[in-house]
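Subject: Structure handover

Hi,

Here is the structure for your review. My notes follow below it.

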Amino acid sequence: MREKVQRFMYGRYGFDELSKVALAATLVLMVVSLFTKNRFIYLVSLILLVFSYWRALSKNTKKRQQENRKFLSIRYRGVARWGKWKERQAQKKVYRFYKCPGCGQMVRVPKGRGRICITCPKCQVEFIRKS
Ligand SMILES: [Zn+2]
C-alpha cells in the first residue's frame with residue numbers, strides 16, 4: 001500500500017505552503033458552514049479542497065512552484081505592511097506621519113511643532129505640513 005502511494009506520488013508536486021493554507025481555509029470554512037448552514041460557504045470550502053489537492057497531485061511542478069512563490073511574496077508583503085502599520089500606531093502619540101508628495105516615502109515628524117517645512121530624506125523635496 002505504501003509503495004503504491006509512493007509510486008502514485010512520484011513526479012507529483014505535493015503539498016506546499018499555498019496548498020496548506022488552502023486546506024486550512026477549507027477546514028475553517030467547513031466548520032463555519034456547519035454552524036451557519038450556509039451552502040455558499042460550503043461550496044467555497046469544497047472548491048478550496050479540490051484546488052488544494054489538484055495542486056498537490058499536479059505534475060507541472062514548475063508552474064506550481066511559481067504560484068507558490070507568488071503567494072509567499074504577497075503574504076510577505078502583507079505581513080510587512082501590517083508590521084509597519086502596527087509600529088506607526090504605537091508611535092502615533094509622539095509623531096505624525098506624512099507621505100512625501102514627490103516619491104511617496106513615509107516621513108515621520110515630531111508632534112506639536114506647529115507648521116513646519118519637511119524635507120524628504122529620500123528625494124529632498126520640501127513640503128509644509130502642520131505637525
Ligand atoms: Zn520624497
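Residues 24 or more positions apart account for 40% of the contacts in the protein with a separation of 6 or more. Contact here means heavy atoms within 4.5 Å.

Some ground rules. This is a predicted model, in which local features need pLDDT of at least 70 and side-chain atom pairs count only at pLDDT 80 or more, while totals for chains, interfaces and linings use all residues. Residues are numbered from 1 along each chain as its sequence is written, and side-chain values use heavy atoms, with hydrogens and water left out.

Fold. The protein has 4 helices and 4 strands. The order along the sequence is α-α-α-α-β-β-β-β. Both kinds of element are DSSP runs, numbered from the N terminus: helices are H or I with at least four residues, strands are E with at least two.

Domains. The assignment gives domain 1 (2-91) and domain 2 (93-131). Their centres, taken over C-alpha atoms, are 40 Å apart. The bounds come from an automatic or database domain assignment.

Overall dimensions. The radius of gyration is 24 Å, whereas a compact globule of 131 residues would have one near 14 Å. That radius is taken over C-alpha atoms, and the globule rule is 2.2 Å times the number of residues to the power 0.38. The C-alpha trace spans about 75 × 40 × 20 Å along its principal axes.

Surface. Of the 131 residues, 19% are buried. Buried means under 20% relative accessible area, exposed over 50%, and partly exposed in between (1.4 Å probe, protein chains only). The protein exposes about 10400 Å², with 60% of it from carbon and sulfur atoms. Areas come from the Shrake-Rupley method with a 1.4 Å probe; for residues, only the protein chains shown count as cover.

Charge. There are 31 positive and 6 negative side chains, and the centres of the two sets lie 8 Å apart. Lys and Arg count as positive, Asp and Glu as negative; His and the chain ends are not counted. Charges are placed at NZ of Lys, CZ of Arg, CG of Asp or CD of Glu.

Two residues to look at. Most residues other than glycine have a negative phi. K37 has a positive phi of about 55 degrees. K37 sits in the loop between helix 2 (17-36) and helix 3 (39-57). Its relative accessibility is 71%, so K37 counts as exposed. Q124 also has a positive phi, of about 65 degrees. Its loop lies between strand 3 (115-119) and strand 4 (126-130). Q124 counts as exposed because its relative accessibility is 52%.

Best regards
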